[in-house]
Amino acid sequence: MFSIFKKLSWFFKENWKRYSVAIFLLTIVGILDVIPPKLVGNAIDDIHLGSMSWDVLSKYLWLLAGITIISYAMTYVWMYQLFGGAFLVERKLRSNYMGHLLKMTPTFFEKNRTGDLMARATNDLKAISVTAGFGVLTLIDSSVFMLTILFTMGFLISWKLTIAAILPLPIMALLMKVYGARIHKRFTEAQDSFGDLNDKVLESIAGVRVIRAYVQERADEGRFSDMTEDVYKKNIEVAKIDSLFDPTIKVLVGLSYLIGLGYGAYLVFHQSITLGQLVSFNVYLGMLIWPMFAIGELINIMQRGNASLDRVQETLDYVQDVKDPDHPQSVDTPENVSFEEVDFQYPSSQVKNLTNLKVKIGKGHTLGVVGKTGSGKTTFIKQLLREYPEGSGSLSIAGVPIKDLTLEQVRSWIGYVPQDHVLFSRTVKENILFGRHDADETDLEQAIELADFKKDLEMLPDGLSTLVGEKGVALSGGQKQRISIARALIKNPEILILDDSLSAVDAKTEAKIIENIRNEREGKTTIITTHRLSAVQHADWIIVLEDGKVVEEGVHGTLLENDGWYKEQFDRQQVEDSSLEEVGV
Amino acid sequence: MKVGRRLVDYALLYKKIIIAALLMLTVSVAAELAGPFIAKKMIDDHILGIEAAWFETEKGKDAVSYKGKWYKREQYFNSVEEKGEEVRVLQVGREFYFIPAAISFNGERKVTDGKMIITKGEEFETYPAQKLSGDELLDFYNPEIPKIIKLLAFYFGLLVVASFFQYGQRFYLQKAANRVIQKMRDDIFQHIQKLPIRYFDNLPAGKVVARITNDTEAIRDLYVTVLSTFFTSTIYIIGIYIALFILDVKLAAICLILIPILVIWTYLYRIYASKYNHIIRSKVSDINAMINESIQGMNIIQAFSREKQTSGEFEELNGTHYKYQNKLLSLNSMTSHNLVGVLRNITFVAFIWYFGGGSIGVGSVVTLGVLYAFVDYINRLFQPVTGIVNQLANLEQALVAGERVFSLLDEDGTQVADDKMSRYQGNVSFEHVFFGYKENEYVLKDITFEANQGETVALVGHTGSGKSSIMNLLFRFYDANEGKIMIDGQDIKDIPYQTIREHMGIVLQDPYLFTGTIASNVSLDDPRISRETVEGALKAVGAEKVFKNLGKGYDEPVIEKGSTLSSGQRQLISFARALAFNPAILILDEATSSIDTETEAVIQEAMEVLKKGRTTFIIAHRLSTIKNADQILVLDRGEIVEKGNHDELMKNGGRYFQMYQLQQGSSSNLAG
């Protein structure tokens, strides 16, 4: 039940000072708070007895003023420290959470949906934060204050009576345990379904054009309202238990009261305690009410925090799919890249996605990768990017197996232009500089020049400072691709990877970019995957993939002689062009 | 307080539940208040009551026999009964003594040699006393025991009833709150569908999500804790003021000053808290947006080793969020119950000063009872006040979150239309159309062309020449600034968005896939699209071969955005989707850019059949893919510079010819 405190113990240990101060002051203030009414009582007695004088009066006033100031200051400090701790844990966990996400590779994101991951970073962390603040407060209230009162009752009045009065406590503990377990389960379900809802909204917003285009608004509303209904039901299930806490405790506290009074009367009748003691006992019982409610509150809050912490922890505990080696080797320059009998299968796939791949790319060479849609071109590239755990066989750079190199080193060599063009919600300039932060104006200009983006820049409303919306919505596909290329080129990488990155630019632009790359990247390695053979004709080596296997390889000329798929495609593309030519002439 | 007003309006939708809950709350509070009263009555009347006056009487109900005589408590005598001699039973230490006489005053008691001495100040009095044995004492208590049991039972019964009502109250308030939140979410989501596409261009999806889910979640507390606390506290405060006025009008009137103080407090608190809350909520939304964007671009972040910078930027948001949480906390720690404590103590100071000062030399001007009662009430008055101010933070948070929710709801939108129109022929005409995404920056200038059913119209031009914008206009994702667009002679501005899109299909440059299966992404779970249609459409685009390796075929799960599929595969699914809906106007916006030539050839073939009976628009960079088009529009910087079929344009020797030459030239250069 208290496992959340155990799970967060690292945090409490780290901040033990903060919590010691907070709890200490909280206890002191608890005592101080009782004094003012008592002082007023004494003052009234003095008034009544006629013994009030200016001296006595000012003594009262100073005392009251002093206590007020001290108690105000102390309360400020404990509140600030205690709840500040709650915010701190929220912030720390969120940092860790983001840090963890940044280490995750596609396998993780395939298993976890974005909306749910977002919900964990906001909604769940909030529930944990409440536990670390209000939860601790109720813990103190229900333990320190309760024990104090119980001991006072025991020592000052009667242990027999005290124990009898707290007989309902074990029943309460039992019930709270039952409720707690249920709240935990139901709250987890509610948070899960909140995560689903988040996800649904995210998809509907991201896919808004598709929904509009196919007039699916009503259907989407229907699906969404099914989900809000589900969230509603899950929350009602939580509410059913949540609403039980207070009434249950109320009845049990009432039972305590009943026993206290009934048995107290019995003890008076049997001359074990005095009438006065019974009256005081009644007062103390009254003081026990809040701590007892605090127990219920504590359990409720803790189970919620626990459920949320479990959800967050589940993410944090996800072991990195691709990790750095324990004893990394270091390579100065990536001389050549070689695939030897590499087999690879996606975690979610039933068949091998790459089979017995053998390719050598010498330093400074260009490799062309062609093949049908779904033949494994991107999968091939992902091996180098280390997006997935390596398959069997050996993939090495400069003779060192890639798994013995740190991810950072491998990635530092690569300039990657992906298939879908992810731009961030920033200016064009910032998006390009994403490739290399310390690049100067000349580098920037050169990258733009190489990616043939210059003429577009003139058309953008604010030039380089144009904000591209989320995913660069306002730009055309071709423009996005070229920013993406500039981003990779500014890095001047040892290995440039173009993953079908010229699909949305016209032939002229494609030719220009390819030409620029050829000229500028003397001595550096380039890998190009494409459907348009024109983009790889100049390559030093071309492989043709089919179902993850190399079915043909060679240079452009030999491949044409081979009379295989490559030749077939080339002819097809040529026929299209020549047919144009005929008409044209 | 427009936000407040609207939050109330939402609550009113479920007013029956809420009123029922508040009634239950009233009953349970009343029952709760009765509890201590019963305990007090039991102690005072039936346990301490033994020390009250007893009189000798006849044997009968409530009478107690002691040493052959019968005694009865004064309060059990009725008016006609005759009272005998008065006696007392008094406790000294734990023992009880029988005093066969009345006592003239009460005070400190002492027993020596069968005599009890009662001392009060200077006075003292001596009475004969007989110690009571256990049994004798029990005899005296006997008439009380059934009464005590009855009271205890009544107390317990009341408690059980109160807890039932309390359960009902809490449950129904939560039910109402959850219903309100659900309604709010449904409303926003529906509203989202009405907003123009433009709205989404510059607002990251993560932020919209935060409004629909996180902000509404932050309102929930308003309808549970805030509402019930304000309700009960108000009742308590009114009750206590009534009691104060009955006690002493002048003093009560002075205490009324608390009300304006509370109002000013709330006002001042809101000024600061609102500022902090706005920042906190907007940071939550930024955090959401950033997590979303980072996940979308994770492979880029990692490929460019930008994890540190990214987490640095995230830390900035996280840090600002934390900073303002702490500012708000500081404000709350300075106010809330802490400041109420100070107010209470100031009241005490004033109280002592006033009465203490007034009494010096003169003695008390008000009776002791009034003073005690007054202090007691003041103490009680501050409890509900604490309750209210402790909820101010929640109230403020809900108001700020509500403001964000309502501002989204207030965005201008167009009602989603349910009107259907029969399939139009698809004769499209643009007449002098001007359009710009921003004011006075036209990306389309004076566009005029016609396309008829069965025709294929190709749009060519450099990236950014306005090809996609034309399609956006046709789809009414945006509306033209000037000019007219007609379908079958009807201005499309006169046809609701949904009605006109009903018969259009589009394959976008960035195909978007939803979580589901390949089949569900083709049919979009629209009941009108049968499984056969889905399979037929997929077959037509040559998907059979491409997806042959998937274990579950077309029922293979597709995850978020189809990220396990390649761009080409996504384009195929998106293409099949457009075909399945059998549109009168089909738009292909670079629809096959990532698809290999072989599969593309399959699609081309299929298109020959498919384009019959519909108007097809193709946007392409590769002139080879559009050579068969009936009409080719060549665009440059938003203007149509050439128009005609391939042959005509080639003969013209204009821009198209040049573009074509360049493409040819470039490929032959490379080939050579």
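Colleague: How many bridges join S4(A) to strand S5 (residues 400–401) of chain A, and which way do the strands run?
Modeller: 2 bridges join them, and the strands run antiparallel. Two strands pair if DSSP finds at least two bridges between them. Helices (H or I, at least four residues) and strands (E, at least two) are DSSP runs, numbered from the N terminus.

Colleague: What kind of model is this?
Modeller: It is a predicted model, where local features need pLDDT of at least 70, side-chain atom pairs count only at pLDDT 80 or more, and totals for chains, interfaces and linings use all residues. Residues are numbered from 1 along each chain as its sequence is written, while chains are lettered from A and ligands numbered from 1 in the order in which they are written.

Colleague: Back to the hairpin. Which residue of S5(A) is the bridge partner of A:Ile397?
Modeller: A:Val400. The hairpin of S4(A) and S5(A) has 2 residues between the strands. A:Ala398 takes a positive phi there, near 50 degrees.

Colleague: Which strand does S1 (residues 337–344) of chain A join?
Modeller: S1(A) is joined to S4 (residues 392–397) of chain A by 5 bridges. That pair runs antiparallel. A:Asp343 stands opposite A:Ser392 in S4(A).

Colleague: Zooming out, how many helices and strands does chain A have?
Modeller: 21 helices and 10 strands. Its radius of gyration, taken over C-alpha atoms, is 36 Å. The C-alpha trace spans about 120 × 55 × 55 Å along its principal axes.

Colleague: What share of chain A is buried?
Modeller: 51% of its 585 residues. Buried means that 20 or more other C-beta atoms lie within 10 Å of the residue's own; exposed means 12 or fewer, partly exposed is in between, and C-beta atoms are placed from the backbone.

Colleague: And chain B, how many helices and strands?
Modeller: 21 helices and 21 strands. The radius of gyration of chain B is 43 Å, well over the 26 Å that the globule rule gives for 672 residues, so chain B is also described as more spread out than a compact globule. Its C-alpha trace spans about 140 × 55 × 50 Å along the principal axes. Buried residues make up 47% of chain B.

Colleague: Which residues of chain A does UniProt list as "transmembrane region"?
Modeller: The unreviewed entry lists 21–40, 60–89, 127–151, 157–176, 249–269 and 281–301. UniProt positions are in the numbering used here, feature names are shortened, and annotations may be inferred rather than shown by experiment. Residues 21–40 of chain A are 90% helix and 0% strand, with end C-alpha atoms 30 Å apart. Residues 281–301 of chain A are 100% helix and 0% strand, with their ends 30 Å apart, C-alpha to C-alpha.

Colleague: Which residues of chain B carry that annotation?
Modeller: In the unreviewed entry, UniProt has 148–165, 222–245, 251–272 and 351–375 of chain B. Residues 148–165 are 100% helix, and their end C-alpha atoms lie 26 Å apart. Residues 222–245 are also 100% helix, with end C-alpha atoms 32 Å apart.

Colleague: Now H16 (residues 531–540) of chain B. Which residues are buried?
Modeller: B:Val534, B:Ala537, B:Leu538 and B:Ala540. They sit on the same side of H16(B), because they cover an arc of only 160 degrees around the axis. The arc is that of the directions from the helix axis to the C-beta atoms. The face turned away carries the exposed B:Arg531 and B:Glu532.

Colleague: What covers the buried residues of H16(B)?
Modeller: Among the elements are helices H15 (518–523), H17 (543–546), H18 (567–580) and H19 (597–610) of chain B. After H16(B) comes B:Gly542, with a positive phi near 75 degrees.

Colleague: What is B:Val541 in contact with?
Modeller: Leaving aside neighbours within four places in sequence, B:Leu572, B:Phe575, B:Ala576, B:Leu579, B:Ile603 and B:Ala606. Contact means C-beta atoms, placed from the backbone, within 7 Å.

Colleague: Which residues touch the most other members of the largest nonpolar core?
Modeller: A:Ala486, A:Ile497, B:Val541 and B:Ala576, out of 356 residues. Helix H11 (residues 217–269) of chain A gives the largest share of this core, 19 residues. A nonpolar core is a set of buried Ala, Val, Leu, Ile, Met, Phe, Trp, Tyr and Cys residues joined through C-beta atoms within 7 Å.

Colleague: Last one. Is B:Asp418 buried or exposed?
Modeller: Exposed, because B:Asp418 has 11 C-beta neighbours inside 10 Å. B:Asp418 is in the loop between helix H12 (368–409) and strand S10 (428–435) of chain B.

Terms used. Contact = placed C-beta atoms within 7 Å. Rg over C-alpha atoms; globule rule 2.2 N^0.38 Å.
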